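Got the sequence and the model open?

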Amino acid sequence: MPKKFWSTLFILLLGVGLLGLAATRLGPVNALRGDYELENTDPFANSEEAVELRIPMVALSAFRTLAIDYLWIRADELQMEGQYFDSLHMARLICKLQPQLPSVWEFQAWNMAYNISVAMPIPEERWEWVRAGFELLRDEGLKFNPESYKIHHYLAWIFQHKIGGITDDHHRYYKRRMAEELSPYLTPIYVPMMYKGIYEDIEVMAQMPNDWAKILANPKVAQLVEKIKQVEPKFTSDKKMRDGLFSLRLKPGEFSAELKTLIGANIENPAFQIVDWFIRAEALKRDWNLDPALMHKINFAYGPKDFSNESKHYSLDWRTPYVHAIYWAMHGLQFSEGELSFDTLKLKRVVYHSLQDLYYYGNLQVLPIQTHVSQRKKGQELIDAPEEIGLMVFNSQDLRMFPIAYQATLDLLLSYTSRGEKIPGGVGHGSANLCRSGIESLYLAGHVDHAQRYYNHLKKIAPDNKDYQQPLVDFVRMEMREEIQNISPKNAANYMLDYLRRSYASFAVGDDDNSYLYEAYATQVHEEFLKQFPDEEDRINRTSLRPFDEMRWRALMDFLNDQMVNPAIKNTFLG
């Protein structure tokens, strides 16, 4: 035989022998990977792509990287061609094939939430892409990378900036959808749907066991559950019953009248309330990946407090995007173990800035707007056209959050000084500016004693600042003069509401001069932004400034519902 044949055969046999030797080392190598926590997560486990891709990708072996490169290129081509759903499918495959690279998840989520979303012409479609972005990180990215600071930070950023900010033309629609969709989870079945949730409610949900069997160990609960299953044919199992009771608040028409009658008769039954708490806690974990135990911890740390009784906590409004930003930043910080790095600092800044956002915009109200009758089509003259009731979100300042937000800035300053580091100029100025804003808002809202307390604090920490060497009232007037000239669109509604609330408080105590003055300030703010935003729809979207009479009514409701306003003043005003 020719020499070339023997040399080829030798090389083939040598290759087979080397592969056999390599195979003997696979076990020890896998053991070392386990010791160093380097196991590869199987991207096809319990995946829809398993059958389709497992065999081709295993067959590709060394060419796997080339296949992934192809998917990246193809996903980009599909997006450029406007085939967004096909591009989404490719993006999900890319993430599944590179599951332990946080930057891959981050890029794909950013592409969905920021790039593809703005290509959608209507808010409903745009919201679905923003949702796809945060769900990719929250439900899948963190499953493969549970301790990734990057994924936690970007997930929090989507809530804080994309949904909570004002840069997107449809940001109000996003806020409304979050409020609508989260309300059922926060709302007991026995109170109105738009209920915000209360501190005690989340505290009880945090104490609910994960095991349904432990709930049924209560004889009264077990007895009620059996009655519920008997009256509703759809409830063929406990799991279907729990899912059905949660759906009952969303689609009551799909369930029997007997079930609704039974629920109505047991609204105040403690056994039913236990079932309701368990169902909502289970649904929060399943649908939003929110752990009520961590929610309660965040409520305790950052929930607004009663000014007259600081030991009393209120719940954060978990319908707002800022609270979700805090949640995911705190969730990521659980893995820091006291480590101080750039990544952990970014997560802490999300908390710090989101608390400020809650102070400036955290008073979320979902209000019905004017109803209208949908247009009838020809031939439908005998059919009553349904009334369509629109909803809008109204964000305004939540003064209860000021002490919490300001304390967070002081804690951040302390984290620098305790390590002997110089405080960055932006952080120091930001803390001072927040305090100045709080002093002015508290004063204008009628909480002069609290404003004076924080003003004295500023005097103490900056004794050489000439701004703080004048009486409080003069300091506030100085701030007002400067701010009317430099109000940013996002703060316009807050300033106007502050002035109007102060006007009502002054009127109540017989101070007609100041009452007139503060309303004049509110009028000036409104007129200034009428000039800047002559188009009413654009003005409402960018600044929240609706017609003056509507803003006056909103401010009156805030004033009358403010727990910090002395009841005697309210009675005097109403009398």
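Start at Gln 356: leaving out residues up to four places away in sequence, Gln 356 touches Ala 405, Thr 409 and Leu 434. Touching, or contact, here means heavy atoms within 4.5 Å. Gln 356 sits in helix α18, which covers residues 342–361. Helices (H or I, at least four residues) and strands (E, at least two) are DSSP runs, numbered from the N terminus.

Before going on, a quick note: this is a predicted model, where local features need pLDDT of at least 70 and side-chain atom pairs count only at pLDDT 80 or more, while totals for chains, interfaces and linings use all residues. Residues are numbered from 1 along each chain as its sequence is written, and side-chain values use heavy atoms, with hydrogens and water left out.

Is Gln 356 buried or exposed? Buried means under 20% relative accessible area, exposed means over 50%, and partly exposed is in between (1.4 Å probe, protein chains only). Here are two residues to check against that:

| Residue | Relative accessible area | State |
|---|---|---|
| Gln 356 | 12% | buried |
| Tyr 521 | 15% | buried |

Tyr 521 belongs to helix α24 (residues 512–532). Skipping neighbours within four places in sequence, Tyr 521 is in contact with Met 480, Ile 484 and Tyr 499. Tyr 521 also lies 9.5 Å from Arg 481, C-alpha to C-alpha, though 40 residues separate the two in sequence.

Back to α18, which has a partner. Its axis and that of α8 (residues 149–163) come within 9 Å and cross at roughly 20°; axes are lines fitted to C-alpha atoms, for helices over the stretch in contact, and angles run from 0 to 180 degrees between N-to-C directions. Among the residues making the contact are His 152 and Ala 156 of α8 and Leu 347 and Val 350 of α18.

Now for the nonpolar cores, each a set of buried Ala, Val, Leu, Ile, Met, Phe, Trp, Tyr and Cys residues joined through side-chain atoms within 4.5 Å. The largest has 136 residues, and Leu 245 and Leu 355 have the most contacts inside it. A second, separate core of six residues includes Leu 345 and Tyr 352.

Zooming out, the protein has 27 helices and six strands, and buried residues make up 48% of its 575 residues.
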